[in-house]
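Hi,

Here is the structure I promised to pass on. Have a look at it first, and then read my notes below.

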Amino acid sequence: MIDWIHFTPGSALAGGLLIGLAAAWLILQHGHVLGASGLLGGLVPPREGDWPWRAEAILGLIAAPLVARFLFNAHPPTIAAGWAMLVVGGLLVGFGTRLANGCTSGHGVCGLARISPRSFAATVIFMAAGFLTVFLLRHIL
Amino acid sequence: MNRISPFLVGLVFGLGLCLSGMTEPTKVLGFLGGGRAMKQTIAFVMGGAVVVAFVAFRIAIRRGSSLSGGHLHLPVAQAIDARLVAGSLIFGVGWGLVGLCPGPAIVDVGYLDGHAALFVLSMAVGMGLYGTLAAVPAKPAGELAIDDG
């Protein structure tokens, strides 16, 4: 049986292609590897001459829901985590992605596309850590 | 063109994240919680993105420079070292706690979601904290400034 409520291959593939298109555009036009944590990380603190393009890309990300609501019926997210969890989670994600030099987009998409063993290792590790964390939250705590 | 282009890159990236459902933590937590349908969905997202990016990187590397005439800022680090392992573990735990990774979290701020804003603010603090700590020890600074993502 195919679970069509949770298995949404059409929008998933279309969304994936758009993410790939953004990565293609950035490397071909500007010579940068697309990665959300790198975009934001390069702004704290901003580096001379290197920050404007990052800020512009971040603004593009923030503007996306406005356009998404217009183009297709995009729904606002349901973020269930409480404030303490949001703060701890955010700190871990921010610190961890800088230490590892990449996140789901930088390692998980662009790194795999560059066939980088380092990014492959990072992707396997952060996914495993994510699986384990959700498992522990649901079954142990 | 060059002025507006990074904004459009972010916009297209964000639209892809919205369309694929990655901006919805309940979906992402469903994937991390082991739901088979969600795993297949994420495989479509990543598969589509990786295939397009793969072709682009091939072309860019063959050209040797960007269309705007600059260098390619490709990551130089290759070692699977303690930093990569520890950083990815820490990131994965935070991802599992909330269901947001950096890109989707920033996009969700655009939905004017206070939760997302608090998460992104904490993320920026975590990044700043890393920068402060990394500036202290003996590691050469050049090693840290890599555009991996």
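Let's start with L86(A): with 25 C-beta neighbours inside 10 Å, it counts as buried (that takes 20 or more other C-beta atoms within 10 Å of a residue's own, with C-beta atoms placed from the backbone). L86(A) sits in helix α4 of chain A (helices are DSSP runs of H or I, at least four residues, numbered from the N terminus). Leaving aside neighbours within four places in sequence, its contacts are A81(A), V98(B), H115(B), L118(B), F119(B) and S122(B); contact means C-beta atoms, placed from the backbone, within 7 Å.

A word on the numbering: residues count from 1 along each chain as its sequence is written, while chains are lettered from A and ligands numbered from 1 in the order in which they are written. The model is predicted, so local features need pLDDT of at least 70 and side-chain atom pairs count only at pLDDT 80 or more, while totals for chains, interfaces and linings use all residues.

Now the contact between the chains. Chain A puts in 103 residues and chain B 106 residues. On the chain A side, the largest share, 21 residues, comes from α1(A).

Over in chain B, helix α2 (residues 25-32) is largely enclosed by the rest of the structure, because seven of its eight residues are buried. Those are P25(B), K27(B), V28(B), L29(B), G30(B), F31(B) and L32(B). They pack against α6 of chain A together with α3 (36-63) and α4 (82-98) of chain B. After α2(B) comes G34(B), with a positive phi near 100°.

Cheers

Note on methods. Two residues are in contact if their C-beta atoms, placed from the backbone, lie within 7 Å. Helices (H or I, at least four residues) and strands (E, at least two) are DSSP runs, numbered from the N terminus. A residue is buried if 20 or more other C-beta atoms lie within 10 Å of its own, exposed if 12 or fewer, and partly exposed in between; C-beta atoms are placed from the backbone.
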